[in-house]
Each structure stands twice: as structure tokens, then as C-alpha cells.
Amino acid sequence: MTRVFNFSAGPAALPESVLRTAADEMLDWHGSGMSVMEMSHRGKEFIAIHAHAEQMLRELLAIPANYKVLFMQGGAIGENAIVPMNLLRGKASADYIDTGEWSKKSIKEAKKYAKVNVAASSAEQGYTCVPPRASWTLDPEAAYVHICSNETIGGVEYHWTPDTGAVPLVADMSSDILSRPIEVSKYGLIYGGAQKNIGPAGLTIVIVRDDLIGQALPITPSAFDYKQQADNDSMLNTPPTYAIYIAGLVFDWIKARGGLDAMATHNRAKAAVLYDYLDKSAFYSSPVKREDRSLMNVPFKLKDEALDEPFLKGAQARGMVQLKGHRSVGGMRASIYNAMPIEGVQSLVAYMKEFEAKHG
Ligand code: PMP
């Protein structure tokens, strides 16, 4: 068996040890005689798996007791509608910060439910940076301020937490959750799809301050009403049981590796290998402003677009896959989430050097 270095933006590489544990436990989870996939979500076995996953997430992120952890479905795109449906709380408008493709999607969807004020945008800079906090025109009456903490396509990441005063900060953290420690109490709500740093697609994580829930719009589907889900331990409907189980194994893996401080060190070191080389090379370039570069998704361009296909082919032949940039921006993108070992990035840079020597 040969495993590749998988640079996919998501669904993305998972820790190999997690996959091995899942394989070992596939037919018989802990002597239950069942696969986790076959268990009733209301049975004692799955309830223990679910409670463990929540407990581990709380521990890793040091989530305060007044925050609910919800395991939902619908993905981050679902949340683009679910957030305004739940968080408007009688207010008319919400503030959004526009930093790229994923912010744009959030804004478009929220407009179906609320008046949206785009309080800052980096569109004019071609989405290569985060607009400085001082330039934001926030409305003190807004229901919340929405950011995308890491633009998976553009490779732009907040390396600071915006202060939004009394207005709750809402963050789409789909692609950088668990990559570093965060102060949960600075946020009203954090959401993200699981398929990058957490586990399989199909699970959506929501962490929400408990005073913000319970005032969903009447049209809100019950399965997407945070209060109803919180009151039912995320089991108002059948939760994505297998994805929650794998997430729990990933949380155990993060803890065993030293938690989020260790993840942050590991992720900084990996990204530095790639950015240092991009900055030295005249053949490759990174479009993103230095201070706002993502540690998770590294887009880069080759000097000549005509070399993109040969570059990708050569990478594939060396066991490095999914490096093609998103169709909206072109070029390359290396997604280097928690599960990507530094050897993967070193091997990519070694190949990039070889390719540059040949074609530069
Ligand atoms: N937001 C961000 C930042 C993302 O990276 C993605 C997925 N790539 C989404 C939203 C959409 O997530 P989903 O497909 O799980 O709905």
C-alpha cells in the first residue's frame, strides 16, 4: 500500500493512525459486536462516543461552560443561512467582512434573511489581505459581525481576533479550526465543516454562546434551530454518527500530540518551509500579503501558466496530489492542515526546486 501526500483543500488528509484505529474497530467497536456505523444514536455505546467527542473538543479549545457545542449537518454553506435565521434576534441587520470567495457566499446567503452591511472588504486588493480593523464601518445595532477566519481559496487568514465590542463576533472557521489555540470567549459563535481539520464531511461543528440562542426566526427548520438542538444534545435528528466518532479520534490524536499549542508550532514550521521558498524564488509567487498569509492553504503561481499542467503531472508522479488551485483563482494551492506532516511540505519544496531548475 502506498499513501500519497494529499494537499486537498477538503475533504482533506486525516492522520494515518486515526484511519488505522477506525479500520481496527470497523467490525467491532470495543467489544460491542457492532460497527459504529451500525449503532443506534440513542444506544449507550454511541452516547459515550458522542460525549467523548464533545468533551475532547471542549478540552482542546478550552470552551467556557456558557457555550453550547452542537454537532450538526448542512456544512458551512448550510450555516450561511442557519446563522442569520438563529442570530438576528429581532434585529434587522448584520455586519459582514468580505475577504474572498467564502465571505462572498456567506454574504449572498445572509441577504435572504437580513439586511447585510458589508463593513469592510478587500475586493479592491483582489482579496489578498484582511482589511485592517480601523477601516471597518461597524454598526453598533447589528445583530452580529461575521468573518471568515481563513479563506480556503484565497489563502488569507486572520492572525488576530477582531474586537467587535458588544456585538457578537461570528466566525466561519471551517479551514483553520483546531490549527491553533483561540480564545472562544471573544466569539459569539464559531462554525465549520469537519472535512479539513476534524474528520469526514457531513459533520458541522457549531460553538455558540448560550445567551444568543432561543430566538430563531419562526421559519427556521427545527433541525437547524440551535436551541432545539442544544436542548436535545444535538440529537433532535439522527446525527452524523460515524463522522462524530472519527472526529473524536482526531481530537484524541491532537491531544496526544500536545494539543493546540503543539499544532500551532507544527503548522507554523510547515508553512514557513513553503513560504520561505516562495519568497526566495523568482519562478513561483505567493499573491497574499505577508501578514495575512494562511498557514493552512498556500496558493501560489508559476511564472508561466503553460507550465501548470506539467507541474501537476510531475507532482502526481512523485506521490503529491490535489495541488491544483481553485478554478476561480487558478495556479496552485497546497493545503497543509494539521494532518499533513512536515515531510509532505519538504517533499513538495524539493520537487518545486527541481521543477524550477528544469524550467526556470
Ligand atoms: N467556508 C469555508 C471557509 C470553506 O472552506 C468551505 C468549504 N471549502 C465552506 C465554507 C463550505 O463548506 P461546506 O461545503 O461544508 O458547506
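**Ground rules.** I am working with a predicted model, in which local features need pLDDT of at least 70 and side-chain atom pairs count only at pLDDT 80 or more, while totals for chains, interfaces and linings use all residues. Residues are numbered from 1 along each chain as its sequence is written, and side-chain values use heavy atoms, with hydrogens and water left out.

**Cysteines.** I went to Cys129 and found its sulfur 14 Å from the closest cysteine sulfur, in Cys148, which is too far for a bond. Cys129 counts as buried at 9% relative accessibility, and Cys148 is buried with a relative accessible area of 3%; here buried means under 20% relative accessible area, exposed over 50% and partly exposed in between, with a 1.4 Å probe and protein chains only.

**Domains.** I noted that the chain is divided into domain 1 (16–256) and domain 2 (259–359), with bounds that come from an automatic or database domain assignment. The C-alpha centres of domain 1 and domain 2 lie 27 Å apart, and 25 residues of domain 1 are in contact with 24 residues of domain 2, contact meaning heavy atoms within 4.5 Å. Between domain 1 and domain 2 I recorded a buried area of about 2,000 Å², of which carbon and sulfur atoms give 57%; this is the accessible area (1.4 Å probe) that two parts lose on being put together, summed over both. I also looked for salt bridges between domain 1 and domain 2, and the count is zero, taking a salt bridge as a side-chain nitrogen of Lys or Arg within 4 Å of a carboxyl oxygen of Asp or Glu.

**Cores.** Which residues touch the most other members of the largest nonpolar core? Of its 57 residues, they are Leu57, Leu61, Leu178, Tyr245, Ile246 and Phe251, where a nonpolar core is a set of buried Ala, Val, Leu, Ile, Met, Phe, Trp, Tyr and Cys residues joined through side-chain atoms within 4.5 Å. Helix H6 (residues 241–256) gives the largest share of this core, eleven residues; helices (H or I, at least four residues) and strands (E, at least two) are DSSP runs, numbered from the N terminus. The core draws at least three residues from each of domain 1 (16–256) and domain 2 (259–359). Apart from this core I found another, of 27 residues, with Tyr277, Phe300, Leu302 and Leu312 among them.

**Lys324.** I placed Lys324 in the loop between strand E13 (320–321) and strand E14 (332–335), where it counts as exposed at 52% relative accessibility. Leaving aside neighbours within four places in sequence, Lys324 is in contact with Glu309, Leu312, Gly331, Met332 and Arg333.

**Backbone.** Most residues other than glycine have a negative phi, and most peptide bonds are trans, so I checked for departures. The peptide bond from Gly10 to Pro11 is cis, with omega near -10 degrees, and Pro11 is found in the loop between strand E1 (5–6) and helix H1 (16–24). Phi of Ala62 is near 50 degrees, and Ala62 lies in the loop between helix H2 (44–61) and strand E2 (67–72), exposed at 58% relative accessibility. Tyr127 has a positive phi of about 55 degrees and sits in the loop between strand E4 (115–121) and strand E5 (145–148), but Tyr127 is buried, with a relative accessible area of 16%.

Methods:
A disulfide is a pair of cysteine sulfur atoms within 2.5 Å.
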